[in-house]
Amino acid sequence: MSDAGYTEGALVATENLIKWFPITGGFFKRTKGFVHAVDGVNLQIPKEVITSLVGESGCGKSTLGRLVLGLLTPDRGKILFEGQNIVGLKGEEFRIFRRKAQIVFQDPESSLNPRLTVGATLKEALRVGGKEATDKVVGELLVSVGLEYEHQYRYPRALSGGQKQRVGIARALAVNPKFIVLDEPVSSLDVSVRAQIVNLLLDLQKKYKLTYLFISHDLSLVKYISDYVAVMYLGVIVEKAPSRKFFTEPLHPYSQALLSSAPRLQREAVERIILKGDVPSSVNIPKGCRFHTRCPKVMDKCRTVEPQAVVKDGEHEVYCHLYT
Ligand SMILES: Nc1ncnc2c1ncn2[C@@H]1O[C@H](COP(=O)(O)OP(=O)(O)OP(=O)(O)O)[C@@H](O)[C@H]1O
Ligand code: SF4
Ligand SMILES: [Mg+2]
């Protein structure tokens, strides 16, 4: 897995994926700089398992999630889905791809149209996916996510947060996708219903052999559900590993700091690593290793040379000079 490109076990793979957002200002709205939201990502997402994507707020997780679904166009790089580059797909080809790749958003409140009944929302999704859009099909879809047949006649306002998120999940499932990006799917829900929704997502993943990219801040949840974990820092992946490896033996100093700040996750007591300084601006990315301004193990080389992927034990990938 060291090189970019598509490998057998991956459903989705990105190759040097880049997305910068221009910052404009002044009277003439000139471009003053760029937010390097996704800044050269090579990520393989293995098929039929759950890969979680973690990292501090603003590091580019949602942007990466939208890119791999074709909801944003990259400035550079490739996105291979089942080996086919989906960048630049148009018309029917793009629609065929989108039937296989869906998203569940963080906030079910704003992702459902309040003027449409649940049934109308799901029928629209079914039609877009070229499926039969009848009350019966919608009812069965609702039952498959733990709701009732009759919920299709209600408006979103008549549903609880958890029920709305079940509708969001049903909408993603309506087209029989292979791949779902779950962007913090439970973080806006009451703690009391989070576990139910997480368990529903796990059941659906097994039942339909789905591939998930699960974006989350919650490391305990990530530990509970993931097969693989990828860590992002300032627009790049810094480590990716099978979940068990990641939680027992994180290699990147940034991952070690993240995990040490969640001590309940550690089997043995570990000293909390407090990172110096703030996250640098994603407009002026530090040279060399972009973590060097905060890294407790920084070396001279780190300030000038960007680390490349090093692969340990077959599947554990880390970008850090400590391992080169
Ligand atoms: N449409 C946009 N236009 C301009 N800048 C954007 C846009 N979308 C995201 N950004 C910027 O890109 C960077 C990455 O944002 P992104 O939403 O991908 O981060 P994130 O890791 O999902 O954060 P969070 O954990 O808070 O959801 C941020 O600096 C953000 O402000
Ligand atoms: S490359 Fe250097 S600065 Fe970057 S994480 Fe490794 S030790 Fe720290
Ligand atoms: Mg986000």
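## Ligand shells, sheet and helix packing in a predicted model

The residues around ligand 1 are Phe21, Val35, Ala37, Ser57, Gly58, Cys59, Gly60, Lys61, Ser62, Thr63 and Ser282, where a residue is near a molecule if its C-beta atom, placed from the backbone, lies within 6 Å of it. This is a predicted model, in which local features need pLDDT of at least 70 and side-chain atom pairs count only at pLDDT 80 or more, while totals for chains, interfaces and linings use all residues. Residues are numbered from 1 along each chain as its sequence is written, and chains are lettered from A and ligands numbered from 1 in the order in which they are written.

Strand E2 (30-41) and helix H1 (61-68) each supply at least two residues of the shell around ligand 1, and H1 gives the most, with three residues. Helices (H or I, at least four residues) and strands (E, at least two) are DSSP runs, numbered from the N terminus. Ligand 2 is surrounded by 14 residues, of which the closest are Cys289, His292, Cys295, Cys302 and Cys320.

Ala, Val, Leu, Ile, Met, Phe, Trp, Tyr, Cys and Pro count as nonpolar, Asp, Glu, Lys and Arg as charged, and the others, Gly among them, as polar.

| Group | Nonpolar | Polar | Charged |
|---|---|---|---|
| Shell around ligand 1 | four residues | six residues | one residue |
| Shell around ligand 2 | 10 residues | three residues | one residue |
| Contact of H6 with H7 | six residues | four residues | one residue |
| Contact of H4 with H5 | five residues | one residue | two residues |

An open sheet of eight strands runs in the order E7-E8-E9-E4-E10-E11-E13-E12, with mixed pairing; two strands pair if DSSP finds at least two bridges between them. Strand E7 (101-104) and strand E12 (309-312) stand at the edges with a single partner strand each, so one side of each is left without a neighbour in the sheet. On average, and with direction ignored, neighbouring strands of this sheet are turned by 20° against each other.

Val311 stands opposite Glu317 in E13, and the bridge partner of Ala309 in E13 is Tyr319. The two strands E12 and E13 form a hairpin with three residues between them, and Asp313 in the turn has a positive phi of about 50°.

Helix H6 (residues 161-173) and helix H7 (residues 191-208) pack at an angle of about 15°, with their axes 10 Å apart. That makes H6 roughly parallel to H7, since angles under 35 degrees count as roughly parallel, over 145 as roughly antiparallel, 65 to 115 as roughly perpendicular and the rest as oblique. Axes are lines fitted to C-alpha atoms, for helices over the stretch in contact, and angles run from 0 to 180 degrees between N-to-C directions. In this pair, Gly161, Gly162, Gln165, Arg166, Ile169 and Leu173 of H6 meet Val193, Gln196, Ile197, Leu200 and Leu204 of H7, contact being counted if the C-beta atoms, placed from the backbone, lie within 7 Å.

Helix H4 (residues 118-128) and helix H5 (residues 135-144) pack at an angle of about 100°, with their axes 10 Å apart, and are therefore roughly perpendicular to each other. Their contact is made by Gly119, Leu122, Lys123 and Leu126 of H4 and by Asp135, Val137, Val138 and Leu141 of H5.

Definitions and conventions:
Contact = placed C-beta atoms within 7 Å.
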